[in-house]
Amino acid sequence: YTQEEAASGSGIIVGKTDDELLIVSNNHVVESADTLTVTFIDGSEAQAQVKGLDSDMDLAVIAVSLNDLSDDTKNAITVATLGSSDDLKLGEPVIAIGNALGYGQSVTNGIVSALNREITLENGSTGLENGSTGTFIQTNAAINPGNSGGALINDHGQVVGITTIKIVSDDGTVEGLGFAIPMARVKLVADRLIAGRPAAMLGITVLTQPEESGGLRVYEVVQDSNAWQAGVREDDILLSVNGVSVDSLDRLKQIVASLVVGNEATVRILRDGQELEFSFVIQSREALG
């Protein structure tokens with residue numbers, strides 16, 4: 001037999017066209033849903049449809065038809081002001097807004113505890129699939145189930161991140177470890193999902209710790225990928241992509257998120273003390289498996 005279950009999450013209105021509202025949330029909030037219902041702050045509800053999902057980035061865009069909303073709700077809706085996560089400073093005050101525990105909108109406050117925090121998710125983390133690695137904004141603003149996909153906002157009222165995970169422990173000794181996807185990455189992925197473009201990949205896996213000389217060491221190149229055929233190999237040091245320096249895993253993810261499948265990418269690498277350049281056509285994530 002089967003049993004229906006309801007789960008709750010949060011979202012941010014990032015766009016409004018003549019026909020629909022565009023809402024960003026987490027992939028893990030919506031990917032397994034048979035139906036999606038959006039509840040607005042005035043209590044009104046509307047059905048939503050998925051525009052696009054990115055499980056690797058844990059981001060999703062859903063849409064609500066404006067025809068399903070009352071005039072009062074449409075007039076009250078405001079598109080979020082998106083800020084720059086690149087300008088965040090340690091100790092800067094932030095607030096998290098979301099549907100904590102499904103009780104409805106709630107607000108918690110805290111500070112930016114760390115930037116570019118690299119987390120490999122294991123048992124005891126909630127939000128993403130175990131074993132995946134991401135780079136996040138760390139905050140001590142309380143984040144609870146139902147907050148996923150909600151806004152992390154600076155003191156100018158700008159959304160600087162999407163709350164996505166928290167670290168929990170069985171003995172309750174872990175406190176104030178919440179994480180948000182930086183808005184710089186959210187914008188790139190959301191724009192691609194809204195446009196309906198496939199996710200791009202270079203076909204290169206790198207080690208996450210930057211080299212002392214700069215760049216990231218190539219751990220693996222997908223066999224027979226365009227990068228492999230162009231000449232990129234294991235143990236090369238990836239220095240830049242299309243002229244943009246690769247100084248961290250987060251920077252590389254931002255670069256890849258901005259790439260368009262079918263366009264050409266030029267990578268600069270360091271091999272045995274010599275700098276080399278290789279150009280190849282960008283492939284989709286699906287094509288590279």
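## A loop residue and its contacts

Leaving aside neighbours within four places in sequence, Ala100 is in contact with Ser106, Asn144, Pro145, Gly146 and Asn147, where contact means heavy atoms within 4.5 Å. Ala100 sits in the loop between β6 (93–98) and β7 (106–120). Helices (H or I, at least four residues) and strands (E, at least two) are DSSP runs, numbered from the N terminus. Is Ala100 buried or exposed? Ala100 is buried, with a relative accessible area of 11%; buried means under 20% relative accessible area, exposed over 50%, and partly exposed in between, using a 1.4 Å probe and protein chains only. Ala100 and Ser8 are 92 residues apart along the chain, and their C-alpha atoms are separated by 8.5 Å.

Before we go on, here is how to read the model. This is a predicted model, in which local features need pLDDT of at least 70 and side-chain atom pairs count only at pLDDT 80 or more, while totals for chains, interfaces and linings use all residues. Residues are numbered from 1 along each chain as its sequence is written, and side-chain values use heavy atoms, with hydrogens and water left out.

## Strand β2 and Ile23

Now find Ile23, which lies in strand β2 (residues 20–25). Ile23 is buried, with a relative accessible area of 5%. Which residues does Ile23 touch, not counting those up to four places away in sequence? They are Gly11, Ile12, Ile13, Val38, Ala60, Val61, Ile62 and Val64.

Ile23 can also be placed relative to Ala80: the two are 57 residues apart in sequence and 9.8 Å apart in space, C-alpha to C-alpha.

## The nonpolar cores

A nonpolar core is a set of buried Ala, Val, Leu, Ile, Met, Phe, Trp, Tyr and Cys residues joined through side-chain atoms within 4.5 Å. The largest one here has 23 residues, and those touching the most other members are Leu202, Val232, Leu238, Val241, Leu252 and Val267. At least two residues of this core come from each of β14 (204–206), β15 (216–221), β16 (237–241), α5 (249–258), β18 (264–271) and β19 (274–281). Which element gives the most to this core? That is α5, with 4 residues.

Apart from neighbours within four places in sequence, Leu202 is in contact with Ala227, Val241, Leu252, Val256, Leu259, Ala265, Phe280 and Leu288. There is also a second, separate core of 21 residues, which includes Ile12, Val61, Phe136 and Ile165.

Helix α3 (residues 183–195) has 13 residues, and at 1.5 Å a residue it should span 18 Å, which agrees with its end C-alpha atoms being 18 Å apart. The expected span is 1.5 Å times one less than the number of residues. Buried in α3 are Met183, Ala184, Arg185, Val186, Val189, Ala190, Arg192 and Leu193. After α3 comes Gly196, whose phi is positive, near 75°. In α5, 8 of the 10 residues are buried, so this helix is largely enclosed by the rest of the structure. The buried residues of α5 are Leu249, Asp250, Leu252, Lys253, Gln254, Ile255, Val256 and Ala257.

How do the two helices meet? The axes of α3 and α5 come within 9 Å and cross at roughly 20°, with axes taken as lines fitted to C-alpha atoms over the stretch in contact and angles running from 0 to 180 degrees between N-to-C directions. The two helices are therefore roughly parallel to each other; that label covers angles under 35 degrees, whereas over 145 is roughly antiparallel, 65 to 115 roughly perpendicular and the rest oblique. Ala184, Arg185, Leu188 and Val189 of α3 make the contact with Asp250, Lys253, Gln254, Ala257 and Ser258 of α5.

Ala184, in helix α3, is buried with a relative accessible area of 17%. Leaving aside neighbours within four places in sequence, Ala184 is in contact with Ser85, Asp86 and Gln254. The C-alpha atoms of Ala184 and Gln254 are separated by 7.3 Å, although these residues are 70 residues apart along the chain.

## Two residues with positive phi

Asn116, in strand β7, has a positive phi of about 55° although it is not a glycine. Asn116 is exposed, with a relative accessible area of 52%.

Asp235 belongs to the loop between α4 (226–230) and β16. Phi of Asp235 is near 75°, a positive value in a residue other than glycine. Asp235 is exposed, with a relative accessible area of 52%.
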